[in-house]
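User: I am new to this structure and would like a close look at one part of it. Could you start inside and then take me out to the surface?

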Amino acid sequence: MSTPHRTDRPKKQIHLAAHFPGVNNTTVWSDPASGSHIEFDSFVEFAQIAERGLFDFMFLAEGLRLREQAGEIYDLDVVGRPDTFTILAALAAVTEHLGLTGTINSTFNEPYEVARQFASLDHLSDGRAAWNVVTSWDAFTGENFRRGGYLPQGERYERARTFLDAATRLWDTWKGDEILADKASGEFLSTPAPGAFEHHDSQFDISGRFNVPRSPQGRPVIFQAGDSEEGRDFAAAKADAIFSRHSHLDDGQRFYVDVKGRLERFGRRHEDLLILPAATFVLADTDAEAVELAREIRLQQVSPATAIKLLEQLWNRDLSDHDPDGPLPTVDPSENDDLIAKGRASARSHGDRLEQAERWRAISQAKGLSTRETIVEVTGRQSFIGSAETIASTIDDFVQADAADGYILVPHITPGGLAPFVDHVVPLLQERGVFRTAYEGTTLRENLGLREPTR
Ligand SMILES: Cc1cc2nc3c(=O)[nH]c(=O)nc-3n(C[C@H](O)[C@H](O)[C@H](O)COP(=O)(O)O)c2cc1C
């Protein structure tokens, strides 16, 4: 595949990161090569492979409630997820350069607590902490918390904005020279009152003293993941990087132009915000073998039982008696707003259900596909498929063509699935001169090539 490059500038350096695969059907937990998603050894192996590949960071998503479908725990995919801070803190001790990015929502937490946790992680890791600020979307998850499923979308972003402002204020209370710890004179502090803060806005009314001294990065690198207008504006105003789902060329370029185009409005520069889509890959010795392998993986990801569950998520009704090897249901999707699938982001993204179902029916009929084959066809999000040479040149082309600044890779096997990429694709990117051969800096911010935050 060849993509037009901009020739009026030096080649962009590619950023790479690794998403520990989680609770979606991307993960083929039943494959004999798959390990645990809970045991710490898996996280260590995954992180160390990423670091061996000189990746910028490792990424953890967040899900705060077990998923359900039709009132039952959804256990066709991985179930369960340990706490982000605990894992990242432990990983700080067994890695040296890798950034540690945690998804933590701003809807159910408090700024003081989250600011303390990230400042502590930044200390523990010598400046490798990053926060993916998400707002979380559903009342079902909210039921786990004291306030319940509160806040409509607009207010969630209002809270996210003010939450991040409050956390930033807390981080900035310490300038970095407050601790003398002079054993001879017995003076511990150079100033009598460090960490003083006051923050009052529509969401928070807090004051006191922040008790974590300034951390190596001052504040963590900030990520954002929402895709709505509000989400994109929030990212353009506040974030250092966006985690998106736009991993294909045209779609990625549209998203890139849109979000980077918003920066000026917030007094920011083009290079102040990195666009890093999530991307999967299927790697084999030849392109033809990779295409075949990709098809096998899709069939592992969409078992007959999974096909029916994914069908139910669009139809929003019980289809447990439907034959996955038969045609799509003739009954139409339910218009009911109460979703059959709970705690699942993709369930909200179907838009007009009837329209979507008609689209699936048209594809199914045109290609003569069964229900399962249709689901395989329409839900596939495989990004890079091919030999190492093909994948390296496609990623390079996409980045140079501004479809992204790099990719957050999501292997389908945990924890070893990243290794083939590191061993076979990374060296080719290095040969092309578009990927580092050693970490440039000591902090994540330095490795990402981001400016120091202004205070
Ligand atoms: C690529 C991507 C990844 C996300 N990952 C998470 C996540 O791990 N945990 C979470 O609670 N929300 C996650 N979100 C949800 C967003 O933070 C946000 O709450 C949701 O997308 C609704 O906002 P929006 O309407 O702006 O997209 C993710 C969203 C996107 C687009």
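This is a predicted model: local features need pLDDT of at least 70, side-chain atom pairs count only at pLDDT 80 or more; totals for chains, interfaces and linings use all residues.

Analyst: Happy to! Let's begin with Gly-231, which is buried, as its relative accessible area is 0% (buried means under 20%, exposed over 50% and partly exposed in between, with a 1.4 Å probe and protein chains only). Gly-231 belongs to helix 6, residues 229-238 (helices are DSSP runs of H or I with at least four residues, strands are runs of E with at least two, and both are numbered from the N terminus).

Residues are numbered from 1 along each chain as its sequence is written, and side-chain values use heavy atoms, leaving out hydrogens and water.

Staying inside, the largest nonpolar core has 81 residues (a set of buried Ala, Val, Leu, Ile, Met, Phe, Trp, Tyr and Cys joined through side-chain atoms within 4.5 Å). Phe-55, Trp-131, Trp-171, Tyr-407, Leu-418 and Phe-421 touch the most other members. Apart from it lies another core of 16 residues, including Phe-223 and Ile-408.

Ile-73 sits in strand 4, residues 72-73, and counts as partly exposed because its relative accessibility is 42%. Glu-335 lies in the loop between helix 9 (304-315) and strand 15 (341-342), and at 64% relative accessibility it counts as exposed.
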